[in-house]
Amino acid sequence: MIEVKEKQFTVELEAAIQSIHTDQKDKLFSYTEKINQVNLYRFLEKAGVLKLPRTFWSSADEVFQLAGAGHAFELTAEVSKYRYDQVEQKWNALLDDAVIYNPYHTSGTGVVALGGFSFDPLKPQTKLWGKFPESHFSIPSYILTYTDGNYYLTINRFIRAGESYSSVLEELQNNRQALMDNTDSPHNASVLRVQSKQEIAPDLWKETIKKATDVMKKTAVDKIVLAREVRLHFNQSANIPDILQRLVCTQPNSYVFGYEMGEDCFLGATPERLVKVKDDEVLSTCLAGTAPRGETIEEDEQIANNLFQDPKNREEHDYVVQMIRSTMEAYCTDIVVPDEPVVHQYKTLQHLYTPVRAKLKEDHRIFSIISGLHPTPALGGTPRQDALAFIRDNELLDRGWYGAPIGWMDSNNHGEFAVALRSALVQQNEASLFAGCGIVEDSVPESEYEETKIKLMPMLSVLGVD
C-alpha cells in the first residue's frame, strides 16, 4: 500500500467516519493534498483500465487543468426550466454536510464538481445522447488539479453510516495506488484512422436554412442558429486521453473538456467562455463573428480587419454583448464593458471578442448567471424563445450537450463554464461532430454550409481527417 502523508490522511478519514457513525447521516468525505508532478493523461489512462468514468478540463487563458476518475457523487435534475436551481440546491446541500480537509483553498481543489447540461430540455432526446442526462455533474472519486505550477490530488468518498474505517481505507488506498502508478498503461500502438465520413442530410439542412430565412421575412425573428452533424467511423476504439492531449496541444487558446458516461465521451475544444466566477468576481465573454485564418501574415491581417469592419458581424457581436450586459445587471454590480471588440485569433479561426466583468451580488451564485445567459444569441438566436421554438421543431439533430454550458465549480466558490462548441460525441469506434452558424434573413445556404466546414476543422484534424 502506498503511503502519502499517510498519517494525516488516516487521521482525517477516521475522524470523518466516526462523525458519520455518531450523526447516523451519510456524508461526503474530501481530502486534498499537494503532490509531486504527475502526468494527467497517464492518470486518465489508468482510470480507463480501472473502468472509472473520466472527466477533464483545461482552461484557455491560464495554466489550469483538472482530471477526474470515478463518480464519488452525482448531481442531476429533472427535465424542467428549474434544472439550474435544482442542481445548485443539491450542490449546496452536499457541501453543507461534507467533511472537507483542504488547507490550500486553491481553485479546483477541495470538493470539485464537473459537468453540464443539455442545450434544450424541451427537445426530445434521441438514442444518440441516451447515456447523457439532461443535466449531470460528477464529484470525481479522485481528481488531479494542476494550477500555478503546482499539483494537487483530492480524494472524495461518499461514506454511508455503518461502513467500516478499514474497508474504506483499503479501497481508497488501493485505487489511489493504481491510478498514480508511474508505469505505462497498455496502449494500442496502431494509429486512429477514419474509415468513413458521413455528412448527415446536408441538403435537408440547407433547405432548413431556406425555411428559416422565409420565417424571418414574415416575422420579428432576426436570427436562428442551426447546427448539423457529421458522423465518423474509425478503424478502432478511440483513445480518449490521446484525443484530449492533442486538443490541448493544437488548440492552446480554447477550453478543452471531456466528460465520459459509460462508453460514450463528449469532448471538444471550445473558444467560448460562458462565465467565470472567483469569489465575487465575474467574467463573461462574447465571441460572436467568425472568419478563417489567412495563408500569410498579410492575408491574416486583412481578414481580421475585414471581420472587425464588417457591419453584419459587428451588429451580431454587439447584440450578444448587450444581452450579456442585461443579464449581468440582474445578478451583478460594477459592470464593465469595453467600447468595442478586438479580434482574437485561434489556430484555424478568428473571432470578434469582448470581455464583460462585474461583481456578483451576495444572494447569487454561478448558476444564476448561467440560467440568464444560456443560450446566448450566438447559440440560439433572437428573440430567444422564438428562435428556440424553430430549432426545436425544425433542426435535424438532437444537440444533446452540444452548444450547452459545460464546466466546473468547487467548494471555494470558484468555477468556470464554457459553451460546448467545436465538439464531438465519441462512441468507441464512432463519433458525431457538430457545428452550427447563425442564420439571418439574407443568409445563403451554401455559404453557411461552408462556414460550418471551417468550424468542423479543429475536431476533424485531431480525429485524423485531413
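How many salt bridges does the count come to, by the rule used here?

Analyst: This is a predicted model, in which local features need pLDDT of at least 70 and side-chain atom pairs 80 or more, while totals for chains, interfaces and linings use all residues. Residues are numbered from 1 along each chain, and side-chain values use heavy atoms, without hydrogens and water.

The count comes to 20 salt bridges (a Lys or Arg side-chain nitrogen within 4 Å of an Asp or Glu carboxyl oxygen). One of them joins arginine 160 to aspartate 26, with 3.1 Å between the closest N and O atoms. Because arginine 160 lies in the loop between β9 and α4, and aspartate 26 in the loop between α1 and β1, the pair ties together parts 134 residues apart in sequence. Arginine 160 is partly exposed at 47% relative accessible area, and aspartate 26 is also partly exposed, at 30% (buried is under 20%, exposed over 50%, partly exposed in between, with a 1.4 Å probe).

Another salt bridge brings arginine 392 and aspartate 120 together at 2.7 Å, N to O. Here arginine 392 sits in helix α10 and aspartate 120 in the loop between β6 and β7, 272 residues apart. Arginine 392 is partly exposed, at 22%, whereas aspartate 120 is buried, at 11%.

A further pair, arginine 228 and glutamate 199, meets at 3.0 Å, N to O, and links strand β11, which holds arginine 228, to strand β10, which holds glutamate 199, 29 residues apart. Arginine 228 is buried, with a relative accessible area of 3%, while glutamate 199 is partly exposed, at 24%.

How values were computed:
Helix = DSSP H or I, 4+ residues; strand = E, 2+ residues; numbered from the N terminus.
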